[in-house]
Amino acid sequence: MAKKTIQRFLPDHNKVKHHKYLKIFGRLLHDANLWHLNRRSARGAFSVGLFFAFIPVPFQMVLAAALAIPLRVNLPISVAVVWITNPLTMPPIFYCSYLIGTLVLGQPEQHFAFEPSWQWFMESLTTIGPAFLVGSLISACVASIIGYFGVDLLWRRSVRKAWLNRHKK
């Protein structure tokens, strides 16, 4: 059940192999383990994708692919899961990461107004930057661990349910 559900949403592997940003990996993308879907590859891929989804850097998909290749986890899943942070979900997710960072660092919450300028970005690195980065790293680690064990649990439950159904028949 879990495998069929995940496969429905996965993009075609030929499409991913020829993606313009992933061409830098060349022949590494031809490893069959990167496209195989089993419990081990799915839980690892979710973990990798969730980790980079919470890290505030550009080209998160490329970073997720770069880690999925040596770990030999499902590449399409790890790249797709990164899109949990998209233009609609980024502000609340990153704001929560900032709040986690202020809590961990013991800093007071600073009020700020976002401005899409280089000057604002450079100034915010010293004011809200440390709390935001620490919170993002903590969020990434927690989401990655929850994703790993959550997918593992769901996969095991799905297999057990299918096995029990077959045994009843």
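**Overall fold**

The model is predicted. The chain holds 8 helices and 0 strands. Read along the sequence, the pattern is α-α-α-α-α-α-α-α. Of the 169 residues in the chain, 37% are buried. Contacts can also be sorted by separation in sequence. Among contacts with a separation of 6 or more, 73% join residues 24 or more positions apart.

**Helices α6 and α8**

Helix α6 covers residues 90–105, and helix α8 covers residues 129–168. Their axes come within 6 Å and cross at roughly 105°. Angles from 65 to 115 degrees count as roughly perpendicular, so α6 is roughly perpendicular to α8. Which residues meet here? On the α6 side, they are F94, S97, Y98, I100, G101, T102, V104 and L105. On the α8 side, they are P130, A131, F132, V134, G135, S136, I138 and S139. By class, this contact has 10 nonpolar residues, 6 polar residues and no charged residues.

**D152 in helix α8**

D152 also sits in helix α8. Is D152 buried or exposed? Buried means under 20% relative accessible area. D152 has 11% relative accessibility, so D152 counts as buried. Leaving out residues up to four places away in sequence, D152 touches R39 and R43. With R39 there is a polar contact, side chain to side chain, at 2.6 Å.

**Q110 in a loop**

Q110 lies in the loop between α6 and α7, and α7 spans residues 118–127. Its relative accessibility is 34%, so Q110 counts as partly exposed. Which residues does Q110 contact, leaving aside neighbours within four places in sequence? They are Y98, T127 and I128. Y98 belongs to α6 and is one of the residues that meet α8. T127 is 17 residues from Q110 along the chain, yet their C-alpha atoms are separated by 8.1 Å.

**Spans from the record**

An unreviewed UniProt entry lists residues 45–69 and 128–151 as "transmembrane region".

How values were computed
Residues numbered from 1 in each chain as written. Predicted model: local features only at pLDDT ≥ 70, side-chain atom pairs only at ≥ 80, totals over all residues. Heavy atoms only, no water. Axes fitted to C-alpha atoms, helices over the stretch in contact; angles between N-to-C directions. Helix = DSSP H or I, 4+ residues; strand = E, 2+ residues; numbered from the N terminus. Parallel < 35°, antiparallel > 145°, perpendicular 65-115°, else oblique. Contact = heavy atoms within 4.5 Å. Nonpolar A, V, L, I, M, F, W, Y, C, P; charged D, E, K, R; others polar. Buried < 20%, exposed > 50% of the residue type's maximum accessible area, 1.4 Å probe, protein only. Polar contact = N/O pair within 3.5 Å; in protein donor to acceptor, adjacent residues only side chain to side chain. UniProt positions renumbered as here; feature names shortened; annotations may be inferred.
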